[in-house]
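Subject: Structure for your review

Dear colleague,

My notes on it follow.

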Amino acid sequence: MEADGWGSTMPSKEDEARLAQKHWEARHATDFALLDTPEQRIGFLKELLGNLKKDIGEAKGRPPALTAVDAEALSKGRHCADLAYFKDEESIAQLERECSDPALSESDRKKRTYLVELAPRYWAAQDRQREDEQAWQMSRSLEADQRLLITKLDEARLDEAK
């Protein structure tokens with residue numbers, strides 16, 4: 001496993017190749033085996049590659065969901081240890097109610113207000129970051145499928161040349 005841009009791990013090239021082979025076996029191997037001639041196999045692989053090329057283009061052309069504002073919220077959220085105690089809307093609502101307590105000092109009120117404002121932005125940014133990560137991982141998976149299909153196409157062309 002390798003580290004990706006989001007601090008999580010991603011499959012190695014070898015893992016991606018194994019996964020692409022599993023995809024091939026689950027989706028296309030039977031149909032491919034039923035084809036009688038090298039020309040049919042080549043045509044089948046070219047069609048799959050054409051579809052895959054389109055899918056990769058769409059995946060790579062997708063604009064990132066994470067914005068500069070999100071990046072700022074993520075940075076602030078990661079550096080705000082108190083935010084770890086507030087995991088849901090209910091806990092933030094409680095914190096918001098505490099802000100109206102007249103016995104609360106001004107500094108505590110500011111701190112609570114900051115957390116009330118930061119939490120929803122931080123959570124939304126985390127969701128968009130996960131969305132971007134999934135899209136990026138999908139494009140890597142599609143590229144691994146593409147590499148496998150190119151190898152199979154090369155093999156089919158060699159078989160045709162015999």
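In which helix does Asp127 lie? Asp127 belongs to helix 6. Please bear in mind that the model is predicted.

Asp127 has a relative accessibility of 45%, and therefore counts as partly exposed, since that class covers values between 20% and 50%. The C-alpha atom of Asp127 is 8.9 Å from that of Leu66, although 61 residues separate the two along the chain.

Helix 6, which spans residues 106-161, also holds Asp145. Is Asp145 buried or exposed? Its relative accessibility is 9%, so Asp145 counts as buried; the cut-off for this class is under 20%. The side chain of Asp145 forms a polar contact of 3.3 Å with the side chain of His23. Apart from neighbours within four places in sequence, Asp145 is in contact with Ala20, His23, Arg27 and Leu52.

I also examined how helix 6 meets helix 4. Two packed helices are described by the angle between their axes and the distance between the axes. The axes of helix 4 (residues 68-78) and helix 6 come within 8 Å and cross at roughly 120°. Helix 4 is therefore oblique to helix 6. The crossing of helix 4 past helix 6 is left-handed. By class, the contact between these helices has six nonpolar, three polar and five charged residues. On the helix 4 side, the residues involved include Asp70, Leu74 and Arg78; on the helix 6 side, they include Tyr114, Arg121 and Gln129.

Yours sincerely

Notes:
Residues are numbered from 1 along each chain as its sequence is written. This is a predicted model: local features need pLDDT of at least 70, side-chain atom pairs count only at pLDDT 80 or more; totals for chains, interfaces and linings use all residues. Side-chain values use heavy atoms; hydrogens and water are left out. Helices (H or I, at least four residues) and strands (E, at least two) are DSSP runs, numbered from the N terminus. Buried means under 20% relative accessible area, exposed over 50%, partly exposed in between (1.4 Å probe, protein chains only). A polar contact is a pair of N or O atoms within 3.5 Å; within protein, one must be able to donate a hydrogen and the other to accept it, and residues adjacent in sequence count only if both atoms are side-chain atoms. Contact means heavy atoms within 4.5 Å. Axes are lines fitted to C-alpha atoms, for helices over the stretch in contact, and angles run from 0 to 180 degrees between N-to-C directions. Angles under 35 degrees count as roughly parallel, over 145 as roughly antiparallel, 65 to 115 as roughly perpendicular and the rest as oblique. A crossing is left-handed if the near helix is turned anticlockwise from the far one by less than a right angle, and right-handed if clockwise. Ala, Val, Leu, Ile, Met, Phe, Trp, Tyr, Cys and Pro count as nonpolar, Asp, Glu, Lys and Arg as charged, and the others, Gly among them, as polar.
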